[in-house]
Amino acid sequence: MLAKIYSAAVYGVDAYEVEIEVNAGAGDPKMVIVGLPDAAVKESKDRVRTAIANSAYKWSRRRTTINLAPADIKKEGPSFDLPIALGMIAVAEELNTSAFEKFSFVGELALDGSVRAVKGVLPVALEARRRGKQALFVPEANALEAAMVNKIDIYGVHNLRETFQFLRGELPLLPTRGDLTGFFATHQSYDVDFTDVKGQRHVKRAIEVAVAGGHNILMIGPPGSGKSMLSKRIPTIIPPMSLDEAIETTKIHSIAGCLDGEKSFVATRPFRSPHHTISDIGLLGGGAFPTPGEVSLAHNGVLFLDELPEFKRSALEVMRQPLEDGKVTISRAAGSLTFPSEFMLVAAMNPCPCGYFGDLKRECRCSPVQVQRYRQRISGPLLDRIDLHIEVPAVEYRDVSSERAEENSTAIRERIAEARQKQHARFARDAKTNCNARMTTRHLKTHCKLTADSQELIRVAMTELNLSARAYDRILKVSRTIADLDDKIAIGPEHVSEAIQYRTFDRTLWI
């Protein structure tokens with residue numbers, strides 16, 4: 001007796017269909033799983049048999065062979081428990097499972113037969129729809145997440161018995177309905193706003209420039225100056241995500257297991273703030289079966305690294321590829337996986353170990369050697385990928401106590417959106433370039449032509465401020481963004497001079 005049940009598994013950020021074949025035939029009475037199962041799949045034998053027994057069903061006492069096809073891709077996780085159990089019951093009761101082929105099933109089984117939540121349900125639902133499946137059966141806890149995919153019925157099931165009774169027509173179930181467009185439109189709000197930030201006008205301006213051009217930014221200032229507070233509000237001024245961006249971002253969070261019943265879809269820009277003790281794998285992604293890291297979870301959003309020099313040197317160096325290419329490639333013996341990682345890097349640090357170097361009110365306790373060693377923890381290649389370096393001074397009392405209303409995020413976001421539209425039109429024919437920060441040398445020659453006054457200003461800056469050659473391209477890119485915010489086609493001296501002010505780390509003071 002042979003039964004076929006369909007499921008799906010995640011590989012990278014997408015899913016692929018898995019055909020589960022259950023056969024009971026002659027031989028010693030044992031259960032064998034083939035098709036490159038990992039330890040979690042192999043252990044499903046005991047979970048499934050116990051769940052079947054506690055659901056008042058029986059399984060075949062003959063030799064049962066379970067094949068997970070395709071057999072050349074390693075299967076991992078407990079999501080095959082439910083389809084394996086259904087196949088074993090169908091074989092034991094000698095049912096024709098041809099009617100089941102229009103369905104797909106995922107779910108982990110508890111010993112009492114209840115169905116537990118699993119990761120990666122959204123890409124599984126997208127794959128089931130692509131395969132033309134009529135319905136997808138998922139754990140009840142994952143139903144709302146899967147229901148964000150239209151043109152396929154999603155059934156959230158509580159236990160094994162309920163699922164099998166529905167398949168046999170003994171119990172009615174209603175599909176879970178999800179309104180993706182409505183959910184997306186009503187969940188694009190944030191709990192924070194730039195109106196909460198008192199003072200720091202020049203820092204807000206630098207952040208506006210950074211977001212408008214997609215530039216990475218480094219903020220240097222003493223403890224309590226508001227670096228973290230400003231960073232947490234940056235997603236509120238980035239133009240809202242499109243529906244396609246939201247689906248792509250949600251797929252990554254679903255695979256990583258970051259979604260739950262209350263947060264079944266990512267409708268706002270992600271903000272990820274890992275601790276400085278994070279490992280290389282935690283930041284970049286990886287593992288025996290590679291999963292997304294923080295740089296991928298921040299895709300289409302913000303990755304905030306507080307206390308940048310405290311991060312391990314190796315952890316910072318692995319960010320070079322995602323910062324340059326917008327994706328992460330993880331290679332293992334079984335193959336390579338690629339995760340998207342187009343994010344805006346926002347970093348913060350103190351000017352010295354004690355945090356008060358250059359402060360006019362508090363004395364710095366660090367020696368010049370300590371200060372130099374502290375700053376050298378950030379490598380030149382990483383610093384080269386950060387366009388704006390801005391000093392964040394301590395907030396004055398008059399600013400904190402002021403009753404003056406600060407500009408809100410909506411007003412800033414509108415200006416940024418207008419600048420982004422100019423960039424989209426400028427790079428409409430280049431799919432790899434979507435903002436000024438990703439301009440190549442060819443783009444700089446075409447879109448960043450300088451007037452004679454602007455060229456002279458940069459020449460003087462390179463000479464007098466000892467700016468490095470690598471800072472030249474960065475100044476041009478930031479100048480282009482400032483001109484876009486100013487609604488100017490030509491880059492003027494005022495745009496260049498402002499861009500030069502955002503190269504703190506290239507000045508003699510910091511070198």
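Axes are lines fitted to C-alpha atoms, for helices over the stretch in contact, and the angles between N-to-C directions run from 0 to 180 degrees. Helices (H or I, at least four residues) and strands (E, at least two) are DSSP runs numbered from the N terminus. The model is predicted, with local features requiring pLDDT of at least 70 and side-chain atom pairs counted only at pLDDT 80 or more, whereas totals for chains, interfaces and linings use all residues. Residues are numbered from 1 along each chain as its sequence is written, and side-chain values use heavy atoms, with hydrogens and water left out.

Helix α22 (residues 493-501) packs against helix α21 (residues 470-485), their axes coming within 8 Å and crossing at roughly 125 degrees. The two helices α21 and α22 are therefore oblique to each other, given that angles under 35 degrees count as roughly parallel, over 145 as roughly antiparallel, 65 to 115 as roughly perpendicular and the rest as oblique. The crossing of α21 and α22 is right-handed, a term applied if the near helix is turned clockwise from the far one by less than a right angle. Contact (heavy atoms within 4.5 Å) is made by Ile475, Val478, Ser479, Ile482 and Ala483 of α21 and by His495, Val496, Glu498, Ala499 and Ile500 of α22. These residues comprise seven nonpolar, two polar and one charged; Ala, Val, Leu, Ile, Met, Phe, Trp, Tyr, Cys and Pro count as nonpolar, Asp, Glu, Lys and Arg as charged, and the others, Gly among them, as polar.

The axes of helix α20 (residues 452-464) and α22 also come within 8 Å, crossing at roughly 20 degrees. Helices α20 and α22 are therefore roughly parallel to each other, and their crossing is right-handed. Asp453, Ser454, Leu457, Ile458 and Ala461 of α20 meet Pro493, Val496, Ser497 and Ile500 of α22 in this contact. Six nonpolar, two polar and one charged residues make up the contact of α20 with α22.

Four strands form an open sheet of mixed pairing in the order β1-β2-β4-β3, where strands pair if DSSP finds at least two bridges between them. The edge strands β1 (2-11) and β3 (31-34) each pair on one side only. The twist from one strand to the next averages 20 degrees. Four bridges link β3 in the parallel sense to strand β4 (residues 63-69), with Ile66 of β4 as the bridge partner of Ile33.

Strands β8 (residues 135-139) and β9 run parallel and are joined by five bridges. Tyr155 in β9 is the bridge partner of Phe137.
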